[in-house]
Amino acid sequence: MAGTLSKEQRQKRIQDIIARDSVSTQGELVERLQAEGIRVTQATVSRDINELRLVRLPVGKGRHRYALAQTAGHVGAQEELARLFQNFVHDIDRGENMLVIRTADGHATGVALVLDRVRRDDIIGTLAGEDTIFVVARTTADAENIMEEFHALMLG
């Protein structure tokens, strides 16, 4: 499988590579594809990453890996959320119906992604930066309950 592939074939190879190996940067992905004899530029890989909706998930010690942004089942996402809260969440604060979750540097996006996958009716939405997640709860009472639940997740 050498040379230039169709976009669909190339994107399938990318999916296979990230399912098999831990790839944390676009450059690594370009190198893996080129090692298989596939001619590709970083700009092309960047577009493929966006089209495939790949996300960078934290794997610990400041490292990340690309993964498909699939909607996981509620139970799987809830288990993943518990693991992420125990490993990466440092603090949770609340004001009325809004929560601010502080994470280790670079982990807010991964935690927020899994939080969004749970698809809760009591959470209107999330917004993540590098180390902070802003969560808007539907009501003040919801925010109180969510904060208690998240503290429990944090403590294990």
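The protein chain is assigned two domains, domain 1 (5–51) and domain 2 (70–153), with bounds taken from an automatic or database domain assignment. The C-alpha centres of domain 1 and domain 2 are 31 Å apart. This is a predicted model, in which local features need pLDDT of at least 70 and side-chain atom pairs count only at pLDDT 80 or more, while totals for chains, interfaces and linings use all residues. Residues are numbered from 1 along each chain as its sequence is written, and side-chain values use heavy atoms, with hydrogens and water left out.

Helix 1 covers residues 7–20 and includes Arg-10; helices (H or I, at least four residues) and strands (E, at least two) are DSSP runs, numbered from the N terminus. Arg-10 has a relative accessible area of 12%, so it counts as buried (under 20%, with a 1.4 Å probe and protein chains only). Beyond its neighbours within four places in sequence, Arg-10 is in contact (heavy atoms within 4.5 Å) with Leu-5, Val-40, Thr-44 and Asp-48.

Helix 1 packs on helix 3 (residues 42–51) at an angle of about 75°, the axes being 11 Å apart. Axes are lines fitted to C-alpha atoms over the stretch in contact, and angles run from 0 to 180 degrees between N-to-C directions. Helix 1 is therefore roughly perpendicular to helix 3, a term for angles of 65 to 115 degrees. Lys-7, Arg-10, Gln-11 and Ile-14 of helix 1 meet Thr-44, Asp-48 and Glu-51 of helix 3 in this contact.

For "domain: Arginine repressor C-terminal", an unreviewed UniProt entry lists residues 85–151; such annotations may be inferred rather than shown by experiment. Over residues 85–151 the chain is 39% helix and 37% strand, and the end C-alpha atoms lie 9 Å apart.

Key:
Buried means under 20% relative accessible area, exposed over 50%, partly exposed in between (1.4 Å probe, protein chains only). Angles under 35 degrees count as roughly parallel, over 145 as roughly antiparallel, 65 to 115 as roughly perpendicular and the rest as oblique.
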